[in-house]
Amino acid sequence: MLSRRRLFHVGLGAAVASCASLEKQSFGAGDRLQNPHPSLTASATAGFTSLAQVAARKNILYGAASDYAMLSSDAAFAAEYLENCAALVPENGLKWRALRPSPEQFDFTKSDWLFNFAETHNLAMRGHALVWHLSMPGWFKETVNRRNAESSLVRHIEAVAGRYAGKVHSWDVVNEAIEIPDGRSDGLRNTPWLEFLGEDYIDLSFRVAEQADPTALRVYNDYGLQYDTTSHNAKRGAALNLLERMQAKGTPIQAFGIQSHLRASETRFNAEKLRRFLRDIASMGLKILITELDVSDQGLPADLEDRDRRVADAYRAYLDVVLDEPAVIAVLTWGLSDRYTWLAEFKPREDGLPVRPLPLDENLERKLAWGAIAQAFDQAPAR
Ligand code: XIL
């Protein structure tokens with residue numbers, strides 16, 4: 001088998017091609033893990049060479065969030081990324097703030113680079129996200145008002161989804177529109193779009209997205225849905241209500257994205273409640289994507305081995321439940337390597353140690369989490 005260094009030297013494109021052929025050879029039945037409950041040791045990763053390849057055997061799409069900055073400048077990371085991923089999720093590169101330097105301008109330089117990278121390396125592209133209250137550029141507040149909100153929203157979706165029409169696997173059309181603490185009876189978040197256009201901004205966004213790019217799967221995406229806590233339980237209820245209202249209106253939604261930012265220290269996990277939620281979504285005829293999976297190690301003891309094991313266990317326990325649901329068609333992690341993770345900034349550890357939430361460590365070595373994810377894919381029912 002080619003070493004990683006050798007893969008890097010033959011070039012990224014060639015590396016992917018050679019991986020694809022290597023996979024075919026290295027996935028004989030003999031390479032499968034025989035033990036149904038293998039312990040999560042480093043040797044548990046033996047026999048698997050790529051997360052995307054293990055997932056693909058069950059018809060599950062695996063990919064990770066990344067961006068222009070790292071993919072264009074960190075060749076070792078890019079090689080590892082291409083070895084493991086079949087889908088590219090621009091972590092920030094398709095948000096308003098990235099694409100809209102001013103009310104009149106669109107800057108597609110870096111996003112075009114990402115689409116080109118995906119096409120060259122045969123990666124599916126995720127579109128994240130057309131509407132998200134947190135990604136708005138500074139000029140938005142001063143410029144958008146009740147009078148021009150609709151045209152501003154429509155123009156953005158038409159321009160962005162239209163530019164990449166036919167090249168996107170799935171668009172997160174609306175992201176994070178539910179916020180129970182905002183106190184509305186419909187559970188919706190008080191965003192400028194809601195204030196200016198009412199609840200119909202959601203329906204409008206999906207309709208315009210459908211017109212601009214009929215081929216991309218249209219997704220509603222949200223977080224805070226997986227645990228057995230008061231807030232997650234309420235949010236699951238509000239999400240199902242929103243989906244019902246959307247379907248009653250004929251909103252062209254096709255899939256539901258569960259972000260899945262997990263906490264390794266969280267014990268309030270009720271598999272049955274989660275299974276029921278997934279079933280409820282599936283029985284509405286919708287597909288499900290796990291869109292932003294990562295496992296925070298905030299609050300765990302410093303010991304590295306113990307920490308990595310608990311992070312890996314959290315991945316495994318969660319994936320075992322969600323992959324049982326055949327409507328789940330994709331798993332995307334929010335990053336691939338601890339070298340680049342938003343949690344370093346958003347959920348740092350109190351002891352100041354670097355966080356370790358992703359499948360690869362900061363040196364791009366496979367962690368127990370990598371093996372746990374590979375095993376979960378390997379043992380998932382095929383869809
Ligand atoms: C995060 C990115 O990872 C950060 O780099 C950025 O500063 C803020 O946004 N939910 C989402 C993602 O839908 O877009 C967020 O991404 C993480 C939470």
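**Figure 1. Lining of the second largest cavity.** Val131, Trp132, His133, Asn175, Glu176, Ala177, Thr191, Trp193 and Tyr201 line the second largest cavity. A cavity is a set of points, on a 1 Å grid over the protein atoms alone, where a 1.4 Å probe fits but cannot get out; lining residues have an atom within 4 Å of a point. About 40 Å³ of space lies in this cavity. Volume here is the space filled by probe spheres set on the points, with grid points joined across faces, edges and corners. By class, the lining has five nonpolar, three polar and one charged residues. Ala, Val, Leu, Ile, Met, Phe, Trp, Tyr, Cys and Pro count as nonpolar, Asp, Glu, Lys and Arg as charged, and the others, Gly among them, as polar. The model is predicted: local features need pLDDT of at least 70 and side-chain atom pairs pLDDT 80 or more, while totals for chains, interfaces and linings use all residues. Residues are numbered from 1 along each chain as its sequence is written, and side-chain values use heavy atoms, without hydrogens or water.

**Figure 2. The largest cavity.** Three cavities of 30 Å³ or more occur in the structure. The volume of the largest is about 50 Å³. Its lining consists of Glu199, Ile202, Asp203, Leu242, Arg245, Met246, Lys249 and Thr251. Helices are DSSP runs of H or I with at least four residues, strands are runs of E with at least two, and both are numbered from the N terminus. The largest share of the lining, four residues, comes from α12. Three of the lining residues are nonpolar, one is polar and four are charged.

**Figure 3. The largest pocket.** A pocket is an open set of grid points with protein on both sides within 12 Å along at least five of seven lines. The largest pocket holds about 590 Å³ of space. Its lining has 25 residues, and Trp132, Glu176, His261, Trp342 and Phe346 are the closest to its centre. At least two lining residues come from each of α6 (96-99), β3 (124-132), β7 (261-263) and α15 (343-346). By class, the lining residues are nine nonpolar, nine polar and seven charged.

**Figure 4. The ligand and its shell.** The ligand sits in the largest pocket, meaning that more than half of its atoms lie within 2 Å of the pocket's grid points. There are 13 residues around the ligand, and Glu91, Lys95, His128, Asn175 and Glu292 come nearest. A residue counts as near if one of its heavy atoms lies within 4 Å. The shell has four nonpolar, five polar and four charged residues.

Figure 5. A polar contact is a pair of N or O atoms within 3.5 Å. An oxygen atom of the ligand lies 2.8 Å from a side-chain N or O atom of Glu292. For Asn175, a side-chain N or O atom is 2.9 Å from a ligand oxygen. A ligand nitrogen is 3.3 Å from a side-chain N or O atom of Gln259. On its own the ligand has 410 Å² of accessible area, and the protein covers 81% of that. Areas come from the Shrake-Rupley method with a 1.4 Å probe.

**Figure 6. Backbone around strand β3.** Most residues other than glycine have a negative phi, and most peptide bonds are trans. The peptide bond from His128 to Ala129 is cis, with omega near -5°. Ala129 is in strand β3. Asn122, although not a glycine, has a positive phi of about 60°. Asn122 lies in the loop between α7 (109-120) and β3.

Technical notes: Polar contact = N/O pair within 3.5 Å; in protein donor to acceptor, adjacent residues only side chain to side chain.
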